[in-house]
Amino acid sequence: MKSRSPSVQQAFVLHHYDWSESSLILDLFTREQGRLAVVAKGAKRPYSQLRAVLLPFQRIQVSLSKPSKSAPEEGAAEVVGLRGAEWVGGSTLPAGAALFSGYYLNELLLKLLARQDPHPHLFEAYADTLPHLHANEDAQSQAALRAFELRLLRELGLLPDLSLSTVTQAPLHPERRFCLNAEAGVVASGADAASFSGHELVHLQAALLHGSMAALRQACTGFLPALRSSLRGLLHYHLGQRPLRTRQVMLDLQKLSD
């Protein structure tokens with residue numbers, strides 16, 4: 001069997017943990033191959049040039065070698081070696097609430113994306129979202145988070161067509177109220193459910209089809225509380241028994257500050 005030559009890819013570091021005294025296992029989100037487990041040998045050494053590059057939320061270019069058999073706990077067929085990495089520009093590391101929001105996005109990707117399943121459009125959506133996460137968790141940050149959640153769910157086939165009643169496949173009446181149900185999709189709104197007008201959902205669907213994250217963020221701004229509640233329910237349903245640690249940490253910190 002011929003050995004695989006190194007490949008160069010755009011990537012973000014989603015997570016890392018110690019593998020040995022001098023090395024790390026990285027969970028990378030790459031544009032070309034999706035999530036990859038990567039061995040970064042020597043990355044923990046004091047004078048390693050990789051230390052300043054393998055940071056979260058920084059767009060990097062990585063050179064990867066053929067799969068490694070030296071990390072059995074990750075699955076020998078999945079782990080590849082890191083040959084090199086360099087920063088390719090972008091925003092600085094987020095601070096304050098933006099840092100937690102960034103880790104929240106990373107955790108969603110870690111728990112919902114399968115390994116080696118490419119999503120190039122989602123990769124670009126992630127890169128586009130990071131600069132819009134602000135330290136004071138303002139409305140623009142909330143719109144950016146909701147837009148990314150919508151894009152993620154749609155990319156994975158977990159979001160119904162927002163312009164149709166899921167059960168009947170009939171177009172939504174613009175003035176009637178609807179809600180997003182994790183099991184039934186778009187349904188007529190109940191008394192206590194976070195709801196949207198048919199016009200609002202059709203507008204969201206049009207923004208999703210347009211493909212622009214800026215357009216999607218703008219479409220989210222008019223009903224952020226209802227959208228947050230609805231998308232939280234959808235994500236919780238699809239995450240199953242994999243609770244989001246980042247969200248719990250944020251809630252705990254908010255309780256301490258109140």
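1. Contact here means heavy atoms within 4.5 Å. On that basis, 61% of the contacts in the chain between residues at least 6 apart in sequence join residues at least 24 apart. The model is predicted: local features need pLDDT of at least 70, side-chain atom pairs count only at pLDDT 80 or more, and totals for chains, interfaces and linings use all residues. Residues are numbered from 1 along each chain as its sequence is written, and side-chain values use heavy atoms, with hydrogens and water left out.

2. The chain has seven helices and eight strands, taken as DSSP runs numbered from the N terminus (helices H or I, at least four residues; strands E, at least two). Of the 258 residues in the chain, 44% are buried, where buried means under 20% relative accessible area, exposed over 50% and partly exposed in between, with a 1.4 Å probe and protein chains only.

3. Two packed helices are described by the angle between their axes and the distance between the axes. Axes are lines fitted to C-alpha atoms, for helices over the stretch in contact, and angles run from 0 to 180 degrees between N-to-C directions. Angles under 35 degrees count as roughly parallel, over 145 as roughly antiparallel, 65 to 115 as roughly perpendicular and the rest as oblique.

4. Helix α1 (residues 97–112) packs with helix α2 (residues 120–129) at an angle of about 165°, the axes being 11 Å apart; α1 and α2 are therefore roughly antiparallel. Their crossing is left-handed, a term used if the near helix is turned anticlockwise from the far one by less than a right angle, with right-handed used if clockwise. Leu105, Asn106 and Leu109 of α1 and Leu122, Tyr126 and Thr129 of α2 make the contact. These residues divide into four nonpolar, two polar and no charged; Ala, Val, Leu, Ile, Met, Phe, Trp, Tyr, Cys and Pro count as nonpolar, Asp, Glu, Lys and Arg as charged, and the others, Gly among them, as polar.

5. Within α2, Leu122, Phe123, Ala125, Tyr126, Ala127 and Thr129 are buried. The cover over the buried residues of α2 includes β1 (7–18), β2 (24–30), α1, α3 and α5 (213–220).

6. The axes of α1 and α3 come within 11 Å and cross at roughly 10°, so the two helices are roughly parallel. On the α1 side the contact is made by Ser101, Tyr104, Leu105, Leu108, Leu109 and Leu112, and on the α3 side by Leu145, Phe148, Glu149 and Leu152. Eight of these residues are nonpolar, one is polar and one charged.

7. Helix α4 (residues 198–210) and α5 pack at about 165° with axes 8 Å apart, which makes α4 roughly antiparallel to α5. The contact involves His203, Leu204, Ala207, Leu208 and His210 of α4 with Ala215, Leu216, Ala219 and Cys220 of α5; by class there are seven nonpolar, two polar and no charged residues. The crossing of α4 and α5 is left-handed.

8. His119, in the loop between α1 and α2, counts as buried because its relative accessibility is 7%. Its side chain forms a polar contact of 3.1 Å with that of Asp117 (a pair of N or O atoms within 3.5 Å; within protein, one must be able to donate a hydrogen and the other to accept it, and residues adjacent in sequence count only if both atoms are side-chain atoms). Leaving aside neighbours within four places in sequence, His119 is in contact with Phe29, Leu113, Glu155 and Leu156.

9. Gln142 belongs to helix α3 (residues 139–155) and, at 12% relative accessibility, counts as buried. The side chains of Gln142 and Arg146 make a polar contact of 2.7 Å.
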